[in-house]
Amino acid sequence: MRGAERLAADAAGIARAAELLRAGELVAFPTETVYGLGADARNGQAVARIFEAKSRPRFNPLIVHVASAEAAARLVDLPEAGQRLASAFWPGPLTLVAPRRADAEIAELVSAGLPTLAVRVPEHEVAQALLRRFGGPVAAPSANPSGRVSPTTADHVLEGLGDRIAAVLDGGPCSVGLESTIIGLDTGAGGTATLLRPGGLPVEAIEAALGAGLGVLPPVGGISSPGQLASHYAPSAPLRLAVTSPAAGELWLGFGQSPGADLNLSPSGDLREAAANLFDHLRRLDRMTGGRRGIAVAPIPQTGLGLAINDRLARAAAPRDRPG
Ligand code: TXA
Ligand code: MG
């Protein structure tokens, strides 16, 4: 595979990076926290490539990066505490998790089927320039292969992912060097704010802005595996996996040749297409059954993105699982 382009963080480099994002390619870019591995958040197949490039064995929900708090407010419903944090700390090393708006044009895979979305307005001038030039939301996890530490220079990105991405925008070393602090916002009666991941913005500063203490989740596997903190999407209908001939009355989610399937993750058997369709199709089938009929899922090969697809299907099929 051809290596990644190293783009200078000038007008030409930013224009090229935006063009690659528009074409559904992966572009790593600097933020003040760490380098992100960006894809067009509206393009499910581009988002699927992120998981492929990182060799992530499961679909953790991703942070959506936008240029301004106004753009973020078009994607999620920010309760009052969230609005206060947004005006105090955006742009900056803060990510807010809030209910996703029904009209947000974000691929389902970005939030791994969850009804919430993580949004962030980075401060780094190169990230800002890219987001403005691109003019849309960019989904980005840290730009490292799964299981490795987050990159804080373009060289780190190229060492880990150089043969799997289209380009990296070189903005020099990141000033914060720690991932963003993630706060979950509950729209319920209390409107509580909960620390989901400690990071580059100190908890004390957040509590001072709120004039209240933060709720803290009980540790699950420690902060080295923050993805464990997100709960998992599961349809309300019972799910059976690796089914080649569904039972009478069951809805069938196909993959590859699946004659008579109610929906098909990818008729041609393309795992990237299947990943992009996974959560959307599960939701649609769930709505079709109204919880009254079960859903049978065709076998998915256990290779490449198939590992993450099967991981999520297994969690969705398990009896209601607790976060973690
Ligand atoms: O500083 C950062 O946050 C960097 C830069 C690139 O922005 N990004 C980053 O992304 O660290 P990542 O994917 O490595 O970590 C994002 C975390 C994951 O642990 C994920 O579980 C959590 O955010 N997350 C994303 N969406 C969520 C949601 N809807 N609910 C709960 N947690 C969520
Ligand atoms: Mg990470």
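Author: Ala, Val, Leu, Ile, Met, Phe, Trp, Tyr, Cys and Pro count as nonpolar, Asp, Glu, Lys and Arg as charged, and the others, Gly among them, as polar. The model under discussion is predicted.

Reader: Into how many nonpolar, polar and charged residues does the shell around ligand 1 divide?

Author: Ligand 1 is surrounded by 23 residues, and Thr33, His65, Arg120, Ser180 and Arg197 are the closest. Sorted by class, the residues of this shell are twelve nonpolar, seven polar and four charged.

Reader: Which strand supplies the largest share of the shell around ligand 1?

Author: Two strands, β4 (63–65) and β6 (116–120), each contribute at least two residues to the shell. The largest share amounts to three residues, and the strand that provides it is β6.

Reader: What percentage of the area that ligand 1 exposes when taken alone does the protein bury?

Author: Polar contacts are counted between N or O atoms within 3.5 Å. An oxygen atom of ligand 1 lies 2.7 Å from a polar side-chain atom of His65, and a nitrogen atom of the ligand is 3.0 Å from an N or O atom in the side chain of Thr116. In the side chain of Arg120, an N or O atom is 2.7 Å from an oxygen atom of ligand 1. Taken alone, ligand 1 exposes 680 Å², and the share of this that the protein buries is 94%.

Reader: Is Asp10 buried, exposed or partly exposed?

Author: Asp10 is found in the loop between β1 (5–8) and α1 (11–22). A polar atom of the Asp10 side chain lies 2.8 Å from the backbone nitrogen of Gly13. Buried means under 20% relative accessible area and exposed means over 50%. Because the relative accessible area of Asp10 is 40%, this residue is partly exposed.

Reader: How far apart in space are Asp10 and Lys54, C-alpha to C-alpha?

Author: In sequence, Asp10 and Lys54 are separated by 44 residues. In space, their C-alpha to C-alpha distance is 27 Å.

Reader: In the open sheet of four strands, which strands stand at the edges?

Author: The strands of this sheet run in the order β12-β15-β13-β14, with parallel pairing. An edge strand has a single partner strand, so one side of it is left without a neighbour in the sheet; the strands placed in this way are β12 (239–240) and β14 (263–264).

Reader: Which residue in β15 stands opposite Trp252?

Author: Strand β13 (residues 251–254) pairs with strand β15 (residues 295–297) in the parallel sense, over three bridges. The residue in β15 that stands opposite Trp252 is Ala296.

Reader: Why is the pair of Phe51 and Phe59 edge-to-face?

Author: The count of aromatic pairs comes to two. Planes over 60 degrees apart count as edge-to-face. The rings of Phe51 and Phe59 have centres 4.8 Å apart, and the pair is edge-to-face because their planes stand at 85 degrees.

Reader: How many residues apart are Phe59 and Phe279?

Author: The rings of Phe59 and Phe279 have their centres 6.3 Å apart and their planes at 75 degrees, so this pair is edge-to-face. Phe59 lies in the loop between α2 (44–54) and β4, whereas Phe279 lies in helix α8 (residues 271–289). The pair links distant parts of the chain, and the separation is 220 residues.

Reader: What is the relative accessibility of Phe279?

Author: Ring pairs link Phe51, Phe59 and Phe279 into a cluster. Buried means under 20% relative accessible area. Phe51 counts as buried at 1%, and Phe59 is buried at 0%. Phe279 also counts as buried, because its relative accessibility is 2%.

Conventions:
Residues are numbered from 1 along each chain as its sequence is written. Chains are lettered from A and ligands numbered from 1 in the order in which they are written. This is a predicted model: local features need pLDDT of at least 70, side-chain atom pairs count only at pLDDT 80 or more; totals for chains, interfaces and linings use all residues. Side-chain values use heavy atoms; hydrogens and water are left out. A residue is near a molecule or strand if one of its heavy atoms lies within 4 Å of it. A polar contact is a pair of N or O atoms within 3.5 Å; within protein, one must be able to donate a hydrogen and the other to accept it, and residues adjacent in sequence count only if both atoms are side-chain atoms. Accessible areas come from the Shrake-Rupley method with a 1.4 Å probe; for residues, only the protein chains shown count as cover. Buried means under 20% relative accessible area, exposed over 50%, partly exposed in between (1.4 Å probe, protein chains only). Two strands pair if DSSP finds at least two bridges between them. Rings of Phe, Tyr and Trp (its six-membered ring) pair if their centres lie within 6.5 Å; planes under 30 degrees apart count as stacked, over 60 as edge-to-face and the rest as tilted.
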